[in-house]
Number of protein chains: 2
Amino acid sequence: MEAQQTVKRALEGDRRAIARLISLVEDGGSELPEVMKSLYPHTGGAYSIGITGAPGAGKSTLTERLIGRARADEHKVGVLAVDPSSPFSGGALLGDRVRMQSHATDPDVFIRSMATRGHLGGISLATPEAVRVLDASGKDLIVIETVGVGQAEVEITDACDTTLVVLNPGWGDAVQANKAGLMEIADVFVVNKADRQGTRDTVRELNQMLEMSESGRKPEIVETVATKGEGIDALWDAIEAHRSYQNEAGLLEARRRRRIARELREIVAARFRTRVETETADLLEELTGEVVARRMDPYAAAEKLIATL
Amino acid sequence: MEAQQTVKRALEGDRRAIARLISLVEDGGSELPEVMKSLYPHTGGAYSIGITGAPGAGKSTLTERLIGRARADEHKVGVLAVDPSSPFSGGALLGDRVRMQSHATDPDVFIRSMATRGHLGGISLATPEAVRVLDASGKDLIVIETVGVGQAEVEITDACDTTLVVLNPGWGDAVQANKAGLMEIADVFVVNKADRQGTRDTVRELNQMLEMSESGRKPEIVETVATKGEGIDALWDAIEAHRSYQNEAGLLEARRRRRIARELREIVAARFRTRVETETADLLEELTGEVVARRMDPYAAAEKLIATL
C-alpha cells in the first residue's frame with residue numbers, strides 16, 4: 001500500500017481508501033503509526049455513540065434505524081460493528097452487515113465490521129484508531145456497535161461520547177445488565193422490543209437500580225421497537241440531550257482526556273508485550289519451561305524478562 | 001497481613017486464610033509477588049474446568065451440580081465465580097453464591113466470587129493467581145465460572161484445562177455462540193435446559209458448525225437439565241474423556257506451557273502499564289493534553305513515554 005496516497009484519498013472520503021485503512025488497523029501493519037500520525041490532525045470533528053447489549057437484543061436493527069434518523073439531519077455516518085472475541089471481521093458479523101444494506105448505497109454512510117487480526121493492542125486499541133479513520137474521512141457521527149456485553153465490549157463502548165445499553169423486556173434482564181457492569185457505563189438505556197410483555201417491569205427494575213447507584217446524571221430510559229422504527233425519535237432526542245448536558249457541564253473534554261490517557265498507557269503496555277515476543281523469544285521459552293517445571297515462579301520469570309528489555 | 005503466616009495457614013487449607021489471599025489477589029496488594037512466590041512450589045496438583053456461556057444459561061446451577069458430582073468421587077473442589085466486568089466481587093455475583101449454599105458447609109468445597117479491584121493485570125492475570133491459591137491449599141479440582149461470554153470471559157475460561165461452553169435450546173443460540181468466538185475454545189458443549197423445545201435443533205446446528213471448523217478433536221455435546229440434575233453424569237464423563245485424551249496425546253503440558261508464556265507476557269505488559277502511571281504521571285498528563293489538543297498524535301506521545309521508562 002502506498003500509505004500516504006491512501007491517506008490522502010481517505011481524507012477526501014474515498015470509500016475504498018477508508019476500508020483499506022481500517023484493514024490496516026485490524027492487521028496492525030507496520031505502516032500503522034505513520035498512517036495514524038497523518039490522519040490525527042484531521043480528527044476531532046466526530047461525535048461517537050457506543051451500543052452494547054446481549055446478543056439478540058436488537059443492536060444492529062437499532063443501529064440501522066439510528067443511521068436513518070441521523071441521515072434525516074444530514075449527518076455523515078460511520079458505523080463500526082466490533083467483535084472483540086473474533087479474529088475475523090468478515091464472517092462473524094456478516095449477517096448484521098447485510099441487514100444494514102438499506103444504507104449501503106448511501107455515499108454518506110460507511111458501515112464496516114471489525115475484529116482484530118494482528119493489532120498489537122487488541123480490539124480495545126484498534127477501535128479508537130478505526131474511529132479516527134472514519135472521523136478524518138469526514139464522518140461527523142460514528143456508531144460503534146459490539147456483539148456482546150463482556151469486559152472488552154464495555155471498554156469499547158465506554159470509550160464513546162454517549163453509551164447506549166440495549167435491554168429487552170423480561171424478568172431478570174435488568175438484573176443481568178447490572179451484573180455485567182452496564183449500569184455504570186450507560187448514558188442512555190434502550191428497552192428494545194418494547195411491544196413485548198414485561199416492558200413495564202424492566203423499566204421499573206432499571207429505575208430501582210438507578211436509584212440505588214450514586215452516579216451523577218440519571219440515564220434516560222427509552223422504549224423502542226426497532227423493527228418497526230418506534231421510539232427512534234425519542235432515542236435520538238435522548239442522545240442529543242446527553243450530548244448537550246456533557247457539553248454544558250464541560251464533561252465531554254474530561255471524558256476524552258481520560259480516554260486518551262488510557263490509550264497512551266495501553267500503547268505502552270502493548271509495545272512491551274510485543275517486545276517480549278520479538279526481543280526475548282528464546283529467553284521466554286526457556287523461562288516458560290522453568291515455570292512449568294515449578295523451578296521458578298511467574299513473577300521471578302517476568303522480572304528476568306523485564307531486566308533484558 | 002502477616003503474609004507468610006497467612007500463606008502457611010492457606011497451605012493447611014484454612015478457609016479464612018484462603019479467602020484473604022484471594023482478596024489480596026483482587027486488590028493487587030504489594031505483598032502479592034512475595035505471596036505468589038511462596039505458594040508457587042505447592043501448585044500444579046489441580047485440574048481446572050472453565051465454564052462460560054450467556055448470562056442466564058444456567059452456569060451457576062451446572063457448577064453446583066458438578067461440585068456435587070466431584071464430591072461423590074472425593075475431589076476437593078475450589079470454585080471461582082469470575083466477573084470480568086465488575087470491580088466488585090461481593091455484590092455482583094452474590095445471587096450465585098447464595099445458590100451454591102448447598103455446599104457451603106462442606107469443608108472440602110471453597111466457593112468464592114471474584115472481580116478485580118486493583119490487580120495491575122486485570123482479571124485475566126488475577127484469575128490464574130487465584131487458581132494457584134486454591135491449588136496450593138489442596139483443592140484438586142477447580143471450577144472457574146464466568147458471568148458472560150465476552151473477550152475476557154473467553155480468555156479466562158480458555159486458560160483452563162477443560163473448557164465448557166453452555167448454551168440453551170432455541171433458534172440462534174448456536175449461531176450466537178459462533179459469533180462470540182466460543183466454537184474455537186469449547187472442549188465440551190453443554191446444551192442446558194434440554195427439556196425445552198428446540199434442543200434437537202440446537203444440537204444439530206452445533207454439529208453442523210463443528211463439521212465446518214477444522215480443529216482437531218471434535219468437542220462432545222452433552223444435554224443437561226441442571227435444575228433437575230439430569231445429564232450431570234454424562235457431562236462428568238465428557239470432562240473425564242477430554243482430560244484423558246489430553247493426557248494421552250501429551251496436549252495438557254503444551255496447553256499449560258502456552259498459558260504460562262501468555263501470563264509472563266501479560267505480567268511484563270502490566271508492569272509497564274503501571275510504571276507509566278507511577279513514574280511518568282506528570283508527563284502522561286502533559287502528553288494527554290497535547291494529544292487532546294491535536295498537537296501530537298497518540299503514537300508519538302507513547303514513544304515519549306517509553307523513552308523515559
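**Entry 1**

I began with a bridge in chain A: A:Val82 has A:Met114 in β3(A) as its bridge partner. I note at the outset that this is a predicted model. I then looked up how β2(A) and β3(A) pair, and found the parallel sense, over six bridges.

I turned next to β4(A), residues 141-146, which is joined to β2(A) by six bridges and runs parallel to it. Within that pairing I located A:Ala81, which stands opposite A:Glu145.

I asked how many residues of β2(A) are buried. For this strand, residues 77-82, the count is six of six, and I recorded β2(A) as mostly covered. I also sorted the residues by direction: A:Val77, A:Val79 and A:Ala81 point one way, whereas A:Gly78, A:Leu80 and A:Val82 point the other way. The residues of both sets are buried.

**Entry 2: the whole sheet**

I traced the strand order in chain A as β3-β2-β4-β1-β5-β6-β7, an open sheet of seven strands with parallel pairing. I noted that β3 (109-114) and β7 (220-223) of chain A are the edge strands; each has a single partner strand, so one side of each lacks a neighbour in the sheet. From one strand to the next, I read an average twist of 20 degrees.

I then examined β1(A), residues 47-53, and β5(A), residues 162-167, which run parallel and are joined by five bridges. In this pair I found A:Gly53 opposite A:Val166 of β5(A).

**Entry 3: a helix across the sheet**

Which strands does helix α11 of chain A lie across? I found that this helix, residues 232-248, lies across β1, β5, β6 (188-191) and β7 of chain A. I recorded its angle to β7(A) as about 165 degrees.

**Entry 4: the nonpolar core**

I looked up the largest nonpolar core, which has 169 residues. The members that touch the most other members are A:Val133, A:Phe189, A:Val190, B:Val133, B:Phe189 and B:Val190. I followed one of them, B:Phe189, leaving aside its neighbours within four places in sequence. Its contacts are B:Val165, B:Leu167, B:Leu206, B:Pro219, B:Ile221 and B:Val222.

**Entry 5: domains of chain A**

I consulted the domain assignment, which gives domain 1 (44-249) and domain 2 (263-308) in chain A. I found that the contact takes five residues from domain 1 and six residues from domain 2. I classed the side of domain 1 that touches domain 2 as three nonpolar, two polar and no charged residues.

Technical notes:
Residues numbered from 1 in each chain as written. Chains lettered and ligands numbered in written order. Predicted model: local features only at pLDDT ≥ 70, side-chain atom pairs only at ≥ 80, totals over all residues. Core = buried A, V, L, I, M, F, W, Y, C linked by C-beta atoms within 7 Å. Buried ≥ 20, exposed ≤ 12 C-beta atoms within 10 Å, placed from the backbone. Contact = placed C-beta atoms within 7 Å. Domains from an automatic or database assignment. Nonpolar A, V, L, I, M, F, W, Y, C, P; charged D, E, K, R; others polar. Pairing = 2+ DSSP bridges. Helix = DSSP H or I, 4+ residues; strand = E, 2+ residues; numbered from the N terminus. Axes fitted to C-alpha atoms, helices over the stretch in contact; angles between N-to-C directions.
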